[in-house]
Amino acid sequence: MTIQTVDPRALRDAFGAFPTGVTVVTACDGEGHPIGFTANSFTSVSLNPPLLLVCLAKTSRNFAIMTGAQHFAINVLSETQKDVSNTFARPVEDRFAAVEWAKGSAGCPIFSNVAAWFECAMEEVIEAGDHVILMGRIEAFDNSGRNGLGYARGGYFTPTLASKAVSAASEGNMELAAVVERRGEVLLLGEDVLSLPSVDAHDGSPTEALQKYLETLTGLKVSIGFLYSVYEGKSDGKQHIVYHAVAGEGEPAGGRFLKPDALVAAKFKTSSTADIVNRFAMESSIGNFGVYFGDETGGTVHPIPVKDAKA
């Protein structure tokens, strides 16, 4: 896509292909009240002098306070803090009531249990199109050693869980599948007996192999999202890895999109497929997703809320 014909939504999706961490940027207003917002547009800049930056949308309700603040803090969220990210990405009245925090030496809110935090003096506010860049000079910081929360293609991911799952599954005969979603509907194969699109995994990246298969199957653009299920198939002896994916517009060459909550009486190829589709119907209705680890008969769902992280 050339820059002359750029579509903002498509550009945002392309930016979203780059996995980032998730932070909550905090400061205090003129009366000492804490403010904060979720942001993933954060990066280190320099070690000497110690500088970092974060981008802030000009449409943010925190714009005036943040650009006028003398100090601000970056809280790098840990893998267990998806709920904190969601809270500070929404227009919640008292966001700080939902998190444990204390004031840093410059008065900025510092969260407990984060992967790391940085308290900064405002070095410069730089104009940058529909955003501004807040350049901060680091005055204090701490590193807890916890793993950071990841964010890519509109969804959270937890690096530790994902790497352990793929590593364990790759030791055996592995099948890749996907819950391919579009506007709440799921791509399913078959007429009388339904199944998720799946392919046997070989050497290389599981997500790249799955994306190539899905795009060949459907003829549509497909984006692979977060890990959705990892389970051992006792009946077929395979390790199954299921990802969430999002399909682009158009009529699929293979399969069809169906509403998952309308499939109560449908017949599925396996009970695992039925469980996955039913779980997706339930989770999508409330906006809280999870990744399942176990086998065909039982396991554990680790919650992974999926919301856009916005200033």
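**Close-up 1. Side-chain contact between E127 and K58 in the predicted model**. The side chains of E127 and K58 are joined by a polar contact of 2.6 Å; such a contact is a pair of N or O atoms within 3.5 Å, and within protein one must be able to donate a hydrogen and the other to accept it, while residues adjacent in sequence count only if both atoms are side-chain atoms. In sequence the two residues lie 69 residues apart, and their C-alpha atoms are 9.7 Å apart in space. The model is predicted, with local features needing pLDDT of at least 70 and side-chain atom pairs pLDDT 80 or more, whereas totals for chains, interfaces and linings use all residues. Numbering starts from 1 along each chain as its sequence is written, and side-chain values use heavy atoms, leaving out hydrogens and water.

Close-up 2. E127 is exposed, its relative accessible area being 58% (exposed, over 50%; buried, under 20%; partly exposed in between; 1.4 Å probe, protein chains only). Not counting residues up to four places away in sequence, E127 touches K58 and V132 (contact: heavy atoms within 4.5 Å). Strands are DSSP runs of E with at least two residues, numbered from the N terminus.

**Close-up 3. The largest nonpolar core**. This core has 21 residues, and V25, M66, F72, I74, F118 and L134 have the most contacts inside it (a core is a set of buried Ala, Val, Leu, Ile, Met, Phe, Trp, Tyr and Cys residues joined through side-chain atoms within 4.5 Å). Among the elements that give two or more residues to it are β2 (23-28), β6 (71-76) and β10 (131-143). Strand β9 supplies the largest share, four residues.
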